[in-house]
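Please open the model in your viewer and keep the selection tool at hand.

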Amino acid sequence: MQERTTARTNGAEHEDTARATGEGRGAGPLIVTEDVVLLDDLLRLCAAAGVEPEVHHRVPERRSGWTDPPLVLVGEDVAAHCRGAARRPGVVLVGRGDDDPEVWRLAVALGADSVLRLPEAESLVVGRIADAAEGAGRTALTVGVVGGRGGAGASTLACALALAAARTGRRTLLVDGDPLGGGLDVLLGAEREKGRRWGDFTASKGRLAGGALEESLPAAHGVRVLSWGREPSAAVPPDAVRSVLAAARRRGGTVVVDLPRTLDAAGTEALAQLDLGLVVVPGELRAVTAAHRVAATLSLVVPDLRAVVRGPYATGLDERWVADALRLPLAGELPYDPGIVPDLDAGTPPGADPRGPLGRFCTAFWERALPSGDAA
């Protein structure tokens with residue numbers, strides 16, 4: 001039997017952090033190396049990613065020991081001995097010091113998909129380890145909602161879309177991107193739920209663990225929500241917005257972002273994460289004029305921007321006219337729902353009833369927008 005070490009005692013400090021945030025360790029990579037210095041570095045990077053690796057000095061005798069781990073990190077010191085191992089995705093050749101053309105030939109022979117050198121590529125290695133541990137696959141479909149003018153109903157639609165997505169069984173995160181709004185946690189009925197708010201992420205930068213983020217947020221009606229606290233807090237920098245939304249997207253499912261009409265650097269970072277943007281426009285001329293300016297700004301960043309139009313309409317206007325005036329595809333006509341105000345007064349979030357007009361609209365939207373067979 002080849003000598004083997006299982007890294008059970010490394011990264012104890014990170015284990016304490018993981019327990020504190022509610023994040024358990026994911027499946028760790030296989031490390032193959034005899035280089036003690038390189039091994040120490042890789043164990044440290046695994047601890048930073050929150051996983052426990054298994055360590056071998058050669059390719060494991062059992063085929064499954066090589067093929068089953070989500071990622072294989074092969075030290076350049078043993079790469080020549082690993083030739084002939086079963087071809088599989090997720091093999092990374094790792095070395096230290098100056099680049100050597102021979103290493104690239106070994107990588108090709110091994111079937112490695114990349115060659116990374118420490119210490120320059122430490123952040124890339126941590127990212128690969130964490131992605132593999134989280135089972136990173138299809139990223140979340142991320143939809144942003146913005147009002148064409150004030151009071152257009154963007155927050156109402158964002159909340160209803162999140163509830164409809166959660167009813168399908170998909171992992172769903174609702175993000176309040178408007179610091180001057182009333183708070184999406186209030187709209188969702190989660191204002192008293194314990195969990196982190198935007199103010200807790202102001203110092204965040206780099207990579208956040210998606211699982212830890214998800215578990216740290218308040219939840220209601222099957223939706224995790226990231227909103228603003230009741231007390232004034234420092235502005236959230238663009239780096240923090242990028243880190244938080246990237247972590248949320250890696251978890252898969254759906255992410256719905258309620259966007260402010262006036263964008264700063266942080267709001268622009270949020271736009272860059274969107275797959276689809278919806279501009280909510282009331283059917284009257286002043287709203288169309290205001291929405292035109294909003295759409296012109298967003299279309300510079302958002303590749304797929306569509307109009308959601310709601311009545312009542314001014315004379316001569318309908319949903320097609322409004323969408324054509326904005327030169328946007330029509331995502332749909334938002335129906336009038338007389339039950340929204342009474343429901344809110346009773347503490348029921350908008351769109352909670354799947355049989356109501358707003359609930360039916362959102363269900364139909366996701367049926368069109370989500371890929372068939374999309375997993376939670």
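Begin by selecting helix H7 (154-167), strand S8 (172-176), helix H8 (184-188), helix H10 (238-250), strand S11 and helix H11 (265-272): each of them supplies at least two residues of the lining of the largest pocket. Helices (H or I, at least four residues) and strands (E, at least two) are DSSP runs, numbered from the N terminus. The model is predicted: local features need pLDDT of at least 70 and side-chain atom pairs count only at pLDDT 80 or more, while totals for chains, interfaces and linings use all residues. Residues are numbered from 1 along each chain as its sequence is written, and side-chain values use heavy atoms, with hydrogens and water left out.

**The largest pocket**

The volume of the largest pocket is about 760 Å³. Now select Gly 177, Asp 178, Pro 179, Leu 180 and Pro 260, which are the closest to its centre among the 42 lining residues. The lining divides into 21 nonpolar, 14 polar and 7 charged residues. Here Ala, Val, Leu, Ile, Met, Phe, Trp, Tyr, Cys and Pro count as nonpolar, Asp, Glu, Lys and Arg as charged, and the others, Gly among them, as polar.

On a 1 Å grid over the protein atoms alone, a pocket is an open set of points with protein on both sides within 12 Å along at least five of seven lines, whereas a cavity is a set of points where a 1.4 Å probe fits but cannot get out; lining residues have an atom within 4 Å of a point. Grid points are joined across faces, edges and corners, and a volume is the space filled by probe spheres set on the points.

**The largest cavity**

How many cavities of 30 Å³ or more are there? The count comes to 2, and the largest cavity has a volume of about 80 Å³. Select helix H9 (210-216), which gives the most to its lining, with 3 residues. Strand S11 (254-258) also supplies at least two residues of this lining. By class, the lining has 4 nonpolar, 3 polar and 4 charged residues.

**Two helix pairs**

Select H2 (residues 36-49) and H6 (residues 122-133), whose axes come within 9 Å and cross at roughly 55 degrees. Axes are lines fitted to C-alpha atoms, for helices over the stretch in contact, and angles run from 0 to 180 degrees between N-to-C directions. H2 and H6 are therefore oblique to each other (angles under 35 degrees count as roughly parallel, over 145 as roughly antiparallel, 65 to 115 as roughly perpendicular and the rest as oblique). Their contact (heavy atoms within 4.5 Å) includes Leu 42 and Leu 45 of H2 and Val 125 and Ile 129 of H6. It has 9 nonpolar, no polar and 2 charged residues.

Next, select H12 (residues 285-298) and H13 (residues 319-326), which pack at an angle of about 30 degrees with their axes 9 Å apart. Leu 285, Val 288, Ala 291 and His 292 in H12 meet Trp 321, Val 322, Ala 325 and Leu 326 in H13.

**Backbone details**

Most residues other than glycine have a negative phi, and most peptide bonds are trans. Select Leu 118 and Pro 119, joined by a cis peptide bond with omega about 5 degrees; Pro 119 lies in the loop between strand S6 (114-118) and H6. Finally, select Arg 327, which has a positive phi near 55 degrees and is found in the loop between H13 and strand S14 (330-334).
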